[in-house]
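Dear colleague,

Please read them alongside the coordinates.

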Amino acid sequence: MSFYTDNALKRHFARNQRWGFRWALWTAVLWGAWYIPGTALWYEYPYNSIAPEQQGERLVATAVMTWIHAIAVFVFLVVWNGSLGKLKDYGRTLVRFKKISKWYALASLCGGPLAIFGSYMAMGFVGPVFAAVTSLFYPVIGAVIARLWYHEKISGQAALGMAIIITGGVVIYGPGLLGEMDTETSFAWLGYVGGLMSAIGWGAEGAVASRAMDVTDPDVGIQCRFSFEILFWGLLILPAIMLLTDMPVWFLIKETLLTPLAMTWMLLASVCHAFCYTAFYKSFSLIGVSRGEAIGNLYGVFAVIFVTLVTLELPEWYFVIGLFLTVTGSLVMFREPAESVAHLRSVSETT
């Protein structure tokens, strides 16, 4: 009996590992695609009417952009979960704040006002290459938090794979990053701060949200997470900006919604993020935070591929080197035994 049980467990672990890495790979594809519409949005009215030196206005524009983005993502998730028959489960999970959804509320703070807002800042104040390269280090932050907080294990092989993936991302974006940095521009520091916010935010979000993953459906969890982000922006942050400053918050909201090209890019960015996040959360419950985030880090490769397809410009030689490194890092992690991936946390740790 034990022989058959062991075989069944091995097959179960292997299946979870395969699906976990598949979802993490979808995260990378859609995340890489997001940088195109996310950057293009800054070149459409009303955002292109704000001069780079207008730091306050651009920060408020970033806040408005992030809020509308969150609403659009939520709409796509409603369609997704509605098609799966999970909207009732979403409602039940959302109202259980004390034991479950409080973790998604905290994750929304890490992922929205910190990570997505910071990434839009980095794109707007410095450029998309810088925005992408600073986020490449988020798996390290997520893995460290998961290790310190609830003792998620990081094997030597997993750590090696993570290091190779991050190195590959730096190789891909490094030369372009050096060309984009502008130390003589007084407002560029805001972009650098935004890039740091995105790396910290996405790394922390994975570790925080994973606290509720063992007792909730990932599809439902991500909808809860964006529900809280909408509330934080719509009921707290944007009203505070309107009360304490004379920034044109309502004007930016109205003009964004009424500008077809701006909304086209917004919807494209949001649909990428909606299903990117869905895959992101699914991978956590199957292969853990550190591994899900590390494989998701392949977005660097896909971002360059999508930029090449859009601009019709061939990648530089360092793209090939970076591609080789990131794929090698993924294979290093994937070849870890399925049983090792399955036993990630201390058995004494509870949600």
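E205 is buried, with a relative accessible area of 0%, where buried means under 20% relative accessible area, exposed means over 50% and partly exposed lies in between (1.4 Å probe, protein chains only). This is a predicted model, in which local features need pLDDT of at least 70 and side-chain atom pairs count only at pLDDT 80 or more, while totals for chains, interfaces and linings use all residues. Residues are numbered from 1 along each chain as its sequence is written, and side-chain values use heavy atoms, with hydrogens and water left out.

The partner of E205 is R225, and the two form a salt bridge whose closest N and O atoms are 2.9 Å apart; the term stands for a side-chain nitrogen of Lys or Arg within 4 Å of a carboxyl oxygen of Asp or Glu. Because R225 lies in helix α9 and E205 in helix α8, this pair ties together parts that are 20 residues apart in sequence; helices here are DSSP runs (H or I, at least four residues), numbered from the N terminus. R225 also counts as buried, at 0% relative accessibility.

By this rule the count comes to seven salt bridges. One of them joins D217 and K86 (2.8 Å, N to O), and since D217 sits in the loop between α8 (188-213) and α9 (218-244) and K86 in the loop between α2 and α3 (87-95), the pair ties together parts that are 131 residues apart in sequence. K86 also meets D219 in a salt bridge (2.6 Å, N to O), and with D219 placed in helix α9, this pair links parts 133 residues apart in sequence. K86 is buried at 18% relative accessible area and D219 is buried at 1%, whereas D217 is partly exposed at 21%. Through shared partners, salt bridges join K86, D217, D219 and K282 into one network.

Turning to the helix, α11 (residues 260-287) has 28 residues and reaches 40 Å from its first C-alpha to its last, close to the 40 Å expected at 1.5 Å a residue, the expected span being 1.5 Å times one less than the number of residues. Just after α11, G288 takes a positive phi of about 90°.

V75 has its place in helix α2 (residues 55-84).

Best regards

How values were computed: Helix = DSSP H or I, 4+ residues; strand = E, 2+ residues; numbered from the N terminus.
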